[in-house]
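Come along and check each entry against the picture.

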Amino acid sequence: MSVKTVDHRGVGLDSKQPGIRTDEATVSPPPYARYHDKVLVSWFAIFYKAIPEAVGLAGIKYAFNPAEVRTRRLFWLFLVLSAMGVTGYQLIDRSFYFASNPKSVDISVDYDKEKDFPSVAICNYNSFRAEMVIGTRFGDFLEELSLDPSNINMTAYQPALGVLQNMTGLFVNMSHTLESTLVLGSWGQESLTAANFTLRVTDWGVCFVFNDESNGLPKLTLRAAGRRYSLRLTLDAQQFDYFFEPKGRGSAGFQVVLYDYGTEPSIEDSGFGIAPGEMTLAAVDVIEYTNLPPPHGQCGEKVLKYYDYYGHTECYNECSEDFIRGECGCKTLAMKGVDRECTAWEFFNCTAPVYYYFLDNAEELCDCPPACSRRTYSASVSHVEYPSTFWTQPLSAFYNLDSTYFKENVCGLTVFFKDKTVQRIRQRKVYDFFSLLCDIGGSLGLWLGGSILTLFEIVDAIGHSAYVYSRTQPQQKNKTPVHR
């Protein structure tokens, strides 16, 4: 049996020449092994000769095969490079899209068998009753503060305000009472009394809350919608007992806020007003939000000192309280913590101006991202005259009051669910890392007939060529080149 040797081009060699032994057949040498005993021009030469076998791309075996006709090689090289260009563009485009952390908003309207009824905060527009402050230095101070705030002499009132030790208690003792405010109340078919409400001091002042967690009563739910299943209240604003308002509120009636049970209300920045002489109908829609944290969204959570859960309002309240404590050294208006209560002097001379400064700089002072999940109650409000002309006389006789009293003081409020639906708004990730890989693989397969592994083959070919080149370099200095 004759023995032949072939070089890497398949050309027969004398058996004395280096090559690969075969038995009457031409066998391709293993990748890279053929270069160990030859003079290598450069690393690129190794890579160029090895790439047809090392990388599994369609057409590459024609583009990089020296034995092919030049025209055919150029044609396939053009096709391969064009496909690589299109693939590279798509890979860059998809990578930038992935880096932008895209998201979508999914809005659904679901029918729930049972819905949580909101907490309802009711706050009179007047903070201090006239009968409690008229004839006192505190009353004189409120009058001058309201009529001529820029020229008021604060020092002159310091002794009188300094003895009023507890500002929170001052608001509670001098505000309108629930017993005088609540005329009639019902929840569905059940009558309500003052025991069904909780007195709370908020950023607005004194408020009365129905369905409050701190009341100790269970959370209220409804299985039906409509005005037959509602909260109905008749309220007395008591305008005859109004006095100068330190916050400059010149309106009459009540501020009403609907908020999620077990959370903190923000009275100043939300809600709607109800006026004397009107019945206000509030048809409530429930909206639930689910947001994404960074990098896709902006929501977040943090541990709060005074609350067992995270909410944007709770975080904002805590931040403002800490800022006021740091500036004034006391707490006021039902602030959390064990610090001493501010006196009336500290409230008007320190906490009030400090709080206004805080409002102007809250974004810089507080790190309070939106909560990742929250529930809101949106009310569609309408008004009708109350009581009607026909009912004014019977009601006046029943309560032994002048007929004009109802028009000037009495408000009606009805809160009910518009329907049994809950609108849920969810942020979702549109494009994750797995989707990016699928697009990369699809682009490689469409234009180059490859896959994700093809990328690793290219990297492996580059790395291994460099390795072979580095191993053969020392040998080239001591060997005589083989000439054909």
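**Disulfide notes**

I began with the pairing: counting bonded cysteines along the chain, the disulfides of the protein chain follow the pattern 1-2, 3-12, 4-11, 5-10, 6-9, 7-8. My tally is six disulfides in the structure. A reminder to myself: a disulfide is a covalent bond between the sulfur atoms of two cysteines.

I noted that this is a predicted model, where local features need pLDDT of at least 70, side-chain atom pairs count only at pLDDT 80 or more, and totals for chains, interfaces and linings use all residues. Residues are numbered from 1 along each chain as its sequence is written, and side-chain values use heavy atoms, with hydrogens and water left out.

**Entry: Cys123 and Cys207**

I looked up the disulfide that joins Cys123 to Cys207 and found S to S 2.0 Å. The torsion about their S-S bond is about 105°, so this disulfide is right-handed. Cys123 sits in strand E6 (residues 119–124) and Cys207 in strand E10 (residues 206–210), so the pair ties together parts that are 84 residues apart in sequence. I jotted down that helices (H or I, at least four residues) and strands (E, at least two) are DSSP runs, numbered from the N terminus. Both Cys123 and Cys207 are buried. Here buried means under 20% relative accessible area, exposed means over 50%, and partly exposed is in between (1.4 Å probe, protein chains only).

**Entry: Cys299 and Cys372**

My next disulfide joins Cys299 to Cys372, with S to S 2.2 Å. I read a torsion of about 85° about the S-S bond of Cys299 and Cys372, so this disulfide is right-handed. The pair links distant parts of the chain, 73 residues apart: Cys299 is in the loop between strand E15 (278–290) and helix H9 (312–328), and Cys372 is in the loop between helix H11 (362–365) and strand E16 (373–385). Cys299 counts as buried because its relative accessibility is 4%. Cys372 counts as buried at 18% relative accessibility.

**Entry: Cys319 and Cys366**

I then found Cys319 and Cys366 in a disulfide, their sulfur atoms 2.0 Å apart. This link of Cys319 and Cys366 is left-handed, with -95° about the S-S bond. Cys319 lies in helix H9 and Cys366 in the loop between H11 and E16, 47 residues apart, and the pair links distant parts of the chain. I marked both Cys319 and Cys366 as buried.

Is Cys438 buried or partly exposed? I found Cys438 partly exposed, with a relative accessible area of 41%. Cys411 counts as buried, at 0% relative accessibility.

Technical notes:
A disulfide is a pair of cysteine sulfur atoms within 2.5 Å.
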